[in-house]
Amino acid sequence: MSEQANPKFGVPKSGGPKSGVSKSGAAEEVVPDCPHCGKPLPLCICDSVTPIKSRISLLILQHPQEQDRALGTARLTAMHFKDAVVKIGLSWPSLSKALGRKVDDPSRWAVLYLGSAKVADLDTDAEIVAINRKGEVEPHQRAILSDIEGIVLLDGTWSQAKALWWRNAWMLKCQRVILGPKRPSRYGKLRKEPRGDGLSTIEAAGLLLAGLEKRPEIAEALNASFDRMLARYREVQAEMPELAPKPKKKDYRRRKRG
């Protein structure tokens, strides 16, 4: 991997050291960030990222306020896939503009947005469920899901994902999907989710791609990376808490509307 950042991630081209000033006023050297994953180098696990081939394209839209350098997983997720795209912003005119290439049929793209919908409230035990605008289960699930050619993930807190959903009307042209994972997020107490079906971006990508492509090894690879990231975080947090601070409380207010 080159020293310059991949432009699809929108990260700085240089990860060199920066200078700062301590509370006492003395100059101090700031630990540089990795130009690829955007994390402080002690938290970086880029050297262990294994490429994964996938027939389904991946687009991650990250809310500008969700750039969690320590515990975020958007860029780590995308690094596994050659053509994955991460965009930071609030709105884009169309799926094609967000992706950076022409999309002929947006209906063959799935947007993961939970909203107020829960798989537990529906008459199904599937982990991936396609729903309509009313939050109801779409008929012909197998046909719909087998025809998906790309997925859009919204990276952010509960309220940030809602903002991305409502600011991008083109998402209504895509197929909305929700997840009913069999186990809670690996974040555990590090980053508490407001609902049991809330997952990190990397876990959601693994569950979706593995399920849609019938390839459990995709989820296994992504979850293994996530486990390594969390293990590294805990190690650094114990030794260098300034680089891996304890997570701040997030806005997890539940929505009455999807």
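Which residues of helix α4 (residues 158–167) are buried? In this predicted model, local features need pLDDT of at least 70 and side-chain atom pairs count only at pLDDT 80 or more, while totals for chains, interfaces and linings use all residues. Residues are numbered from 1 along each chain as its sequence is written, and side-chain values use heavy atoms, leaving out hydrogens and water.

The buried residues of α4 are Trp158, Gln160, Ala161, Leu164 and Trp165; buried means under 20% relative accessible area, exposed over 50%, and partly exposed in between (1.4 Å probe, protein chains only). Helices (H or I, at least four residues) and strands (E, at least two) are DSSP runs, numbered from the N terminus. Among the elements covering the buried residues are β3 (57–62), β5 (109–112), β7 (150–155) and β8 (175–179), with contact meaning heavy atoms within 4.5 Å.

Turning to the interior, a nonpolar core is a set of buried Ala, Val, Leu, Ile, Met, Phe, Trp, Tyr and Cys residues joined through side-chain atoms within 4.5 Å. The largest has 61 residues, and those with the most contacts inside it include Phe81, Leu112, Ile151 and Leu208. Helix α6 (residues 216–239) supplies the largest share of this core, 9 residues. A second, separate core of 19 residues includes Leu99, Val103, Val152 and Met171.
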